[in-house]
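Here is a short walk through one protein chain. Keep the structure in view as you read.

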Amino acid sequence: MGHHHHHHGSLVPRGSRAYSFKVVLLGEGCVGKTSLVLRYCENKFNDKHITTLQASFLTKKLNIGGKRVNLAIWDTAGQERFHALGPIYYRDSNGAILVYDITDEDSFQKVKNWVKELRKMLGNEICLCIVGNKIDLEKERHVSIQEAESYAESVGAKHYHTSAKQNKGIEELFLDLCKRMIET
């Protein structure tokens with residue numbers, strides 16, 4: 001790093017390229033995908049469940065160690081009838097965030113189906129994050145941490161714990177995902 005000129009503040013040297021990444025959120029309805037994105041992009045939280053009908057799209061700009069990153073985050077509906085449309089949303093994604101609800105074992109099994117599908121369609125080109133959301137409901141946990149983490153490792157994904165409600169783990173999740181996508 002020594003021979004680079006130092007730039008003051010967070011000014012990005014002109015001509016340094018900006019990375020643009022597309023990230024898709026997948027998971028059952030009710031696991032909190034929309035809450036995660038809204039918390040991350042707008043720092044909002046609403047206790048009422050918001051049903052996402054098809055897919056909504058938010059953007060976020062980051063600066064990671066002097067690299068500019070433009071994130072396009074696609075939040076998809078969890079309904080089964082939507083499943084058939086899945087490929088339209090994720091086929092050119094750089095990253096996928098697969099969300100389950102730690103109080104709902106079935107939502108974790110569904111994540112496994114998504115992982116199979118993404119690996120089949122996109123191979124190892126996509127960075128996978130498996131996210132156990134709603135850690136504010138730890139007392140009602142039905143998915144063991146160890147099971148989730150060892151599963152994630154077995155499929156080359158990273159596992160994260162989040163609470164959109166308490167704003168825990170979300171910044172780290174997106175930051176880490178961005179760093180991984182830059183390296184890919």
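**From a helix to the core**

In helix α6, I170, L173, F174, L177, C178, R180, M181 and I182 are buried. Keep in mind that this is a predicted model. The helix covers residues 170-183, which makes 14 residues. How far apart should its ends be? At 1.5 Å a residue, α6 should span 20 Å. Its end C-alpha atoms are 20 Å apart, so the model agrees with that expectation.

Now turn to the core. The largest nonpolar core has 29 residues. Within it, V69, L71 and I97 have the most contacts. Several elements each give two or more residues to this core: β1 (18-26), α1 (33-42), β2 (55-64), β3 (67-76), β4 (95-101), β5 (127-133) and α6. The largest share comes from α6, with seven residues.

Look at L71 for a close view. Among the residues L71 touches are F174, C178 and M181. Its other contacts include F21, V23, Y40, L58 and L62. There is also a second, separate core of 23 residues. V24, F108, V115 and A152 are included in that one.

Is T162 buried or exposed? Its relative accessibility is 0%, and buried means under 20%, so T162 counts as buried. The side chain of T162 makes a polar contact of 2.9 Å with the side chain of N133. T162 also touches L36, V131 and K168, among others. I170 and L173 are on the list of residues that T162 touches, and both are buried in α6.

Notes
Residues numbered from 1 in each chain as written. Predicted model: local features only at pLDDT ≥ 70, side-chain atom pairs only at ≥ 80, totals over all residues. Heavy atoms only, no water. Helix = DSSP H or I, 4+ residues; strand = E, 2+ residues; numbered from the N terminus. Expected span 1.5 Å × (residues − 1). Buried < 20%, exposed > 50% of the residue type's maximum accessible area, 1.4 Å probe, protein only. Polar contact = N/O pair within 3.5 Å; in protein donor to acceptor, adjacent residues only side chain to side chain. Contact = heavy atoms within 4.5 Å. Core = buried A, V, L, I, M, F, W, Y, C linked by side-chain atoms within 4.5 Å. Lists of a residue's contacts leave out its neighbours within four places in sequence.
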